[in-house]
Amino acid sequence: MTQLKVYHYAKCSTCRNAIKWLKNEGHELELIPINEQPPAKDEVLDLFAKSGQESKKFFNVSGEVYKTLGLKDKLADLNEEERAELLASNGMLIKRPVVTDGTNVTIGFKPEQYEQSWSKGETDQ
């Protein structure tokens, strides 16, 4: 089974639930603390492309950093490069967890989404 890279925040209950779900499915995980080691700009751009989601979906809109920086009104005016740079500069801006096997990407934790993307056998190649 392919190892999954999981960007997470240890104090985040959503991250803990996602990690528990993935472990219960038997996945090998590379856990990366998003606040200490956010993905680099190039990796963020790659995650955007592979996720199939709009880049603004990667932002933790309920987080303190997002609110403090006043991004609600500014985000629409930023292009993808600028959004990627912003996320790479502060991992606490990223909605979490972000899970990838190098091909597929999920953002956040919704069990039904994980069933589709990460159920046993789905990532076996």
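Buried means under 20% relative accessible area. I note that cut-off before anything else, and also that the model I'm looking at is predicted.

**Entry: histidine 27**

I looked up where histidine 27 sits, and found it in the loop between helix H1 (13–24) and strand E2 (29–33). Is histidine 27 buried or exposed? Its relative accessible area comes out at 6%, so I put histidine 27 down as buried. Next I checked what its side chain reaches: the backbone oxygen of tryptophan 118, at 2.5 Å.

**Entry: glutamate 81**

I moved on to glutamate 81, which has its place in helix H5 (residues 80–89). Its relative accessibility is 41%, so I count glutamate 81 as partly exposed. Which residues does glutamate 81 touch, leaving aside its neighbours within four places in sequence? I get Lys41 and Leu45 as the contacts. I also looked at glutamate 81 against lysine 5: the two are 76 residues apart in sequence, and C-alpha to C-alpha they are 22 Å apart in space.

**Entry: cavities**

I then searched the whole structure and got one cavity of 30 Å³ or more. The largest cavity holds about 40 Å³ of space. What kinds of residue line the largest cavity, by class? I have 10 nonpolar residues there, with no polar and no charged ones. For my own reference, the lining is Tyr7, Ile34, Pro39, Val44, Leu47, Phe48, Phe58, Leu87, Ile94 and Val98. Helix H2 (residues 41–51) gives the most to that lining, with three residues.

How values were computed
Residues are numbered from 1 along each chain as its sequence is written. This is a predicted model: local features need pLDDT of at least 70, side-chain atom pairs count only at pLDDT 80 or more; totals for chains, interfaces and linings use all residues. Side-chain values use heavy atoms; hydrogens and water are left out. On a 1 Å grid over the protein atoms alone, a cavity is a set of points where a 1.4 Å probe fits but cannot get out, and a pocket is an open set with protein on both sides within 12 Å along at least five of seven lines; lining residues have an atom within 4 Å of a point. Grid points are joined across faces, edges and corners, and a volume is the space filled by probe spheres set on the points. Helices (H or I, at least four residues) and strands (E, at least two) are DSSP runs, numbered from the N terminus. Ala, Val, Leu, Ile, Met, Phe, Trp, Tyr, Cys and Pro count as nonpolar, Asp, Glu, Lys and Arg as charged, and the others, Gly among them, as polar. Buried means under 20% relative accessible area, exposed over 50%, partly exposed in between (1.4 Å probe, protein chains only). A polar contact is a pair of N or O atoms within 3.5 Å; within protein, one must be able to donate a hydrogen and the other to accept it, and residues adjacent in sequence count only if both atoms are side-chain atoms. Contact means heavy atoms within 4.5 Å.
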